[in-house]
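Subject: Structure handover

Hello,

Here is the structure I said I would pass on. Please open it first, then read the notes below it.

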Amino acid sequence: MSVVSASIKHPFATIVAYIVLCLFGAISVTRMEIALLPVIELPTVSVVSAYPGMPAHEIEPLLTEPVENAVASVDGVRRIRSAVQPGISRTTLEFAFGTNMQIALNAVRQAADSVYPTLPDGSEYPLVQLAYTNRDPAARLVIAPVEPATLEDIAHLTTTDIASTFRGDAAVGSVHLFGVPRREVHIAIDGDAIAGAGIPVQEIASTVAAHIIDRPVGTVRNGTTRDRVIATTDVATFSSLAAIPLRGAGMSVGDVATVRMGVRPPTAAYLHNGAPAIGVSLYPASSAGPFRAALAAEGIAARLTSRFGDVLTVEVIESQARPIGGALRALMTAIGIGIVAATVVLFLVYRSASAVVTILASIVPSLSTVMFGMYLADVSINVISLSGIAIGVGMIFDNAIVVFDAYAAAPRSTAAERSQAVHGVLGATAGSTISTVLVFVPVLFIPGVVGAVFSQLAFALIVLVVVSFVGSATLTPAVAALFGDARLAKAIPSGGSRHLTWYRRIVRVTLRHRWIAPLAVGIVAAVFGALLDVLPRQLVPSLPGHVVEVDIVLSPETDIEGATEIARRITTQVIANGAARITADIGYLQDDLESQADPENRFNRISMRVLFPDLVRPTDIPRMRASFGTAAAAEGAIATEVALPRDPIVRILGEADPGRFEIRASTRGEIESLYQRVVDALRRQFPTAEISTSSEPSTPVHLLEIDRRAIATTGTTAREVVQTVATLIEGALVGTIEVGSVETDVRVWLDGREERPIASLPDIRLSFGDRQILPLSSVATVRPGTTPTLLHRTDRRPAYIVSVAGEGPPAEYARVVRSVAPGAVQSAQSALEEAAFDILTVFIIAIALMFLAFVAQFESLTTAFFILLALPLSATGSLGLMRLLDKTININSVLGLLVMFGTTVNSAILLATAVRSRATARVPLLAARRLRPLFATVGTTLAALLPIVAFGVRVDTFESHTAVALLGGLLLGAVAIPFLLPSLLSRPNRRRA
């Protein structure tokens, strides 16, 4: 007994089995991770090396090159890139996707261990860590003081109670605070006093450091136990610092310096609507996901504001719970409305509630089984996977409609005869299922990040199609058997499809004039080529939003205080022009090497996130760029960029800038000369183009050149001179004491250093070994000069990044650049470009497999060929509707084309099964009998898509691009396939098996 026969004879048992599957699916949903996108571990390891105080051109040979040489021997490294800045260097290693990154990480750490002993004294141990795509925070918050409290007053409360509260939640993985002022004890040295007493600056710093002691030194025996011994001094309070004696001088610290409370020199600033605040970024725990972490953040923020509302406020300004929740609600709403619309279509076609219920019975089990399969495969509920379900909802009905139509149209007979009628169409539904699966299986085998991102969509669709086929063969006949023949017979008009005389007449015309079908195919192919040429292309569609990112670059010598003031003034202007909220951050986290090493985190760069009450569309960006650019230029900015936030998919796939090129050479001198020749060639060819580089080869600085002969007579060294000057200017941390129960750093530096002009630097007096006092000018010269602040390296060679924009097409830029620098390459290819050959290969294989499957099913080469003609015919409709609705060819629309291929091929298979190998006179009648299930399957899919398209026309969404491509293809396919395919398949001279 076949499965179909068993389902018809035992309908209740079949239905109960599907109810059990629904329960498994419901349980799975409650345990699945919810996220905006699937979490992907990029095959990238970063190595950060630091040597505070060293210029970039010294860091390169001292740190960067040794680290690069050490890690280059690690197995699997594809590319090595380095960014070198003053005092710090970051080397990024790219591995092949699929590499075991834990093994790779350990290998890189071993390489760092081996090279560290060879690095110069004073350098820090390299920081080695992985890179992830889920680095976007689950929530962004702002902590602001309530008057009369200040930012300094709430700093300790923020770093202790508030940060601990967030970290204590199981959904929160890590907490990053930005713009927190840290209080310090400042020992401000009086330059005249130490000069008169002949006390070296370094002696004060070392003496204070020697007296601030509180650490264990070992254990001693005490009877039968051992007790710990902790060394400490009486310097444990703020007031005791001034009493520290200076050796051999009969003086104390208080005689030559002022001890006072101050604030650590800032390396980061955070503004909220122009006022100083503390920014908080919450990252999710791996077990929770961003959605639950964001919900937790919102609840904690409300409790903290209630608890500390008299001194501060905690406000969530961005939360992933909102976009994730909104996207999931929109998709679920679209799925629900689509099901309702499909139900209406089914009722209009069959005019029978029993027929509608029979076909719709497969919806819940299919969706539940997909969720259960996703849970078993560790696929999260995200926009990618749910998009596959939303787009494929209409496909659930296809097989059920065909099976129901065959079941209900059979004459009243036994269960065995009903089963035979269903078996008669299972071959066609199996073929359509296989063809759809073959379209998406290649996505599972696309290597790299592209396959990782979209494999979840392919997986959801494959499971959905397979489950719908199994359900149509079992659940649909089981439910139909419960209703009985009398009710279902009403769904099939008497006489079958003979009332469709208009359709039969058109088919007879195409059969009589066989040139019509080939001519129509040729015309459609020409239109397809024209549309393919005129439609714009992009990686992902640009979508509107309420947030705009503004990046303002100031002159390289701008300090953080100046940048903060400029950001405050620009914020005031923008809020006056209608912005609802603006946050701005400047600089880097001082205690985070990765933050310091990021070239984007610099004092002369202001990063703003501007929230507008109304939606900002891509067409609004040029106007905003001009407005922000004018305001920033008035403040001395040298560059301003305004853009909608980059979609996470774009960041993962790495959309490349066609006007950005990388040139390389063997030495730093060669690369600088080559860069200049490239710039000169570009300026000759494109006089008005904007040409820039991120390497910044000539940043103005003040060079301190030490006279080695002069210092030889003083009994000191160049290093000691440099350390002394650094202590006087930047200060030296010498220890930590407790101030008001708070562990506080102690810093020694020169009093009044903030107000001291650069012209006074040569007059700074230094004390040398025999306590002789000499001005800095006696051993060093201070003069203006230039030095690089950012150097690039690729594959252990110096590199320059050249960006060209404005006049001329990118292809011409590339031609000019490569004519001067033949080895120049696009600075960064997108993941799609890197995987282009693999994508093309797997889909050519997929089309070949589909063709072979059709040959095996129909035992005819020509039939298989004509069925595949449905693909370009329908694709023309996709491109036409995309053009009409102003959509682009992007990764989302390509996915819509793939889904459309599977659906339209199903219609072609259904017709081919009916009319192939039939006498020409019978073809119109046989094709007409397939028209009702064909239009029903296409109609339900179209109805399921309309809500997504309608919402996307009003507010552009990623799903709307996919749905438009699918909708256009189905509309044209619904016309072209039924009217053209019968003529092509029934040619008298057609080869038969």
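The side chains of R569 and E565 form a salt bridge, with 3.5 Å from N to O. The model is a predicted one, so please read every value here as computed from it. R569 and E565 both belong to helix α19, residues 560-576, and sit 4 residues apart, which is about one turn of the helix. R569 has a relative accessible area of 36%, so R569 is partly exposed. E565 is also partly exposed, because its relative accessibility is 32%.

**Other salt bridges**

There are 24 salt bridges in the structure. One of them joins the side chains of E600 and R605, at 3.6 Å from N to O.

Another salt bridge links R625 with E641, and their closest N and O atoms are 3.3 Å apart. R625 is in helix α21 (residues 621-633) and E641 is in strand β20 (residues 639-643), so this pair ties together parts that lie 16 residues apart in sequence. Both ends are partly exposed: R625 has a relative accessible area of 32%, and E641 is at 42% relative accessibility. Elsewhere, salt bridges with shared partners connect R79, R81, E94, E662, R664 and D795 in one network.

**Two helix pairs**

Two packed helices are described by the angle between their axes and the distance between the axes. Both pairs below can be read that way.

The crossing of α3 and α4 is right-handed. On the α3 side the contact is made by P66, V67, A70 and V71, and on the α4 side by V108, A111 and V115. Sorted by class, the contact of α3 with α4 has 7 nonpolar residues, no polar ones and no charged ones.

The other pair is helix α5 (residues 151-167) with helix α9 (residues 290-308). At what angle do α5 and α9 pack? The angle is about 140°, and the axes are 10 Å apart. The helices α5 and α9 are therefore oblique to each other, and their crossing is right-handed. From α5, the residues L157, D161, I162, T165 and F166 meet A297, I300, A301, L304, R307 and F308 of α9. This contact of α5 with α9 has 8 nonpolar, 1 polar and 2 charged residues.

**Backbone details**

The peptide bond from E147 to P148 is cis, with omega near 10°. P148 is in the loop between β5 (139-145) and α5.

Which residues have a positive phi although they are not glycine? D795 is one of them, with phi of about 50°. D795 lies in the loop between β29 (791-794) and β30 (797-805), and with a relative accessible area of 34% D795 is partly exposed. D795 also belongs to the salt-bridge network mentioned above. D886 has a positive phi of about 60° and is in the loop between α30 (870-884) and α31 (891-915). D886 is exposed, because its relative accessible area is 67%.

Regards

Conventions: Residues numbered from 1 in each chain as written. Predicted model: local features only at pLDDT ≥ 70, side-chain atom pairs only at ≥ 80, totals over all residues. Heavy atoms only, no water. Left-handed = near helix turned anticlockwise from the far one by under 90°. Helix = DSSP H or I, 4+ residues; strand = E, 2+ residues; numbered from the N terminus. Contact = heavy atoms within 4.5 Å. Nonpolar A, V, L, I, M, F, W, Y, C, P; charged D, E, K, R; others polar. Salt bridge = Lys/Arg side-chain N within 4 Å of Asp/Glu carboxyl O. Buried < 20%, exposed > 50% of the residue type's maximum accessible area, 1.4 Å probe, protein only. Axes fitted to C-alpha atoms, helices over the stretch in contact; angles between N-to-C directions. Parallel < 35°, antiparallel > 145°, perpendicular 65-115°, else oblique.
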